[in-house]
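Here's a quick briefing to read alongside the model. Take a look at the fold, then go through the points below by topic.

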Amino acid sequence: MVIIYEDESHIRDYQALRATWSINGRQKQIPTYGYHATVSLLGGVNIETEKILCMETNPCNAQGFSAILQYTLDQYSDKHIMMILDDVKIHYSKVLQPFLHEREERLTLVFFPRICRISIWSNGFGAG
């Protein structure tokens with residue numbers, strides 16, 4: 001059996017100009033992309049070997065999560081995988097249920113309770 005801790009991270013490029021110098025009465029023109037770029041990373045860590053599995057997805061949804069699940073299953077094709085997760089909706093959405101049912105012999109999902117996340121953040125361990 002392989003135990004994997006999985007989580008998501010979102011990297012956002014929000015272009016904001018905080019302060020700049022300009023000649024009095026002449027507003028400086030700053031070119032921007034015109035949109036906010038976002039990249040979502042899904043990743044897992046094998047707690048025994050510390051091997052990291054990571055992939056990019058956009059948007060971060062149940063289809064992207066099923067892709068990291070399939071990637072993990074492919075990496076450990078001869079082992080049962082127990083994946084430890086938080087309680088984000090994409091981890092147990094209705095769209096994901098057929099995928100999980102087809103792979104239930106090789107994949108077990110274990111969810112942290114909501115209270116666990118709250119206690120971690122309130123103890124000052126999280127960035128908030």
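**Quick tour of the chain**

Let's start in a loop: Pro59 sits between strand β3 (52-57) and helix α1 (62-75). Keep in mind that this is a predicted model. The protein chain has three helices and five strands, and along the sequence they run β-β-β-α-β-α-β-α.

- The peptide bond joining Asn58 and Pro59 is cis, with omega at about 0 degrees.
- Glu50 is in another loop, the one between β2 (37-46) and β3.
- Glu50 isn't a glycine, yet its phi is positive, at about 65 degrees.
- The relative accessibility of Glu50 is 62%, so this residue counts as exposed.

**Tyr5 and its surroundings**
- You'll find Tyr5 in strand β1 (residues 2-13).
- With 39% relative accessibility, Tyr5 is classed as partly exposed.
- Setting aside neighbours within four places in sequence, Tyr5 is in contact with Gly43, Gly44, Val45, Ile47, Ile84 and Phe112.
- Tyr5 and Met83 are 78 residues apart in sequence, but their C-alpha atoms are 5.8 Å apart in space.

**Cysteines**
- How many disulfides are there in the model? The count comes to zero, going by the rule that a pair of cysteine sulfur atoms must be within 2.5 Å.
- As a reminder, a disulfide is a covalent bond between the sulfur atoms of two cysteines.
- Cys54 is partly exposed, at 45% relative accessibility.
- Cys60 also counts as partly exposed, with a relative accessible area of 23%; the buried class applies under 20%.

**Packing and surface**
- Of the 128 residues in the protein chain, 27% count as buried.
- Take the contacts in the protein chain with a separation of 6 or more: 64% of them come from residues 24 or more positions apart.
- The protein chain exposes about 9,400 Å², and carbon and sulfur atoms supply 55% of that area.

- Mean pLDDT for the protein chain is 83, and 80% of its residues reach 70 or more.
- Strand β4 (residues 81-85) has the highest confidence, at 95, while helix α3 (residues 114-122) has the lowest, at a mean of 53.
- Over residues 118-128 the pLDDT is below 50, and this stretch has five contacts in the model beyond near neighbours in sequence.

How values were computed:
Residues are numbered from 1 along each chain as its sequence is written. This is a predicted model: local features need pLDDT of at least 70, side-chain atom pairs count only at pLDDT 80 or more; totals for chains, interfaces and linings use all residues. Side-chain values use heavy atoms; hydrogens and water are left out. Buried means under 20% relative accessible area, exposed over 50%, partly exposed in between (1.4 Å probe, protein chains only). Helices (H or I, at least four residues) and strands (E, at least two) are DSSP runs, numbered from the N terminus. Contact means heavy atoms within 4.5 Å. Accessible areas come from the Shrake-Rupley method with a 1.4 Å probe; for residues, only the protein chains shown count as cover. pLDDT is the predictor's confidence in each residue, from 0 to 100.
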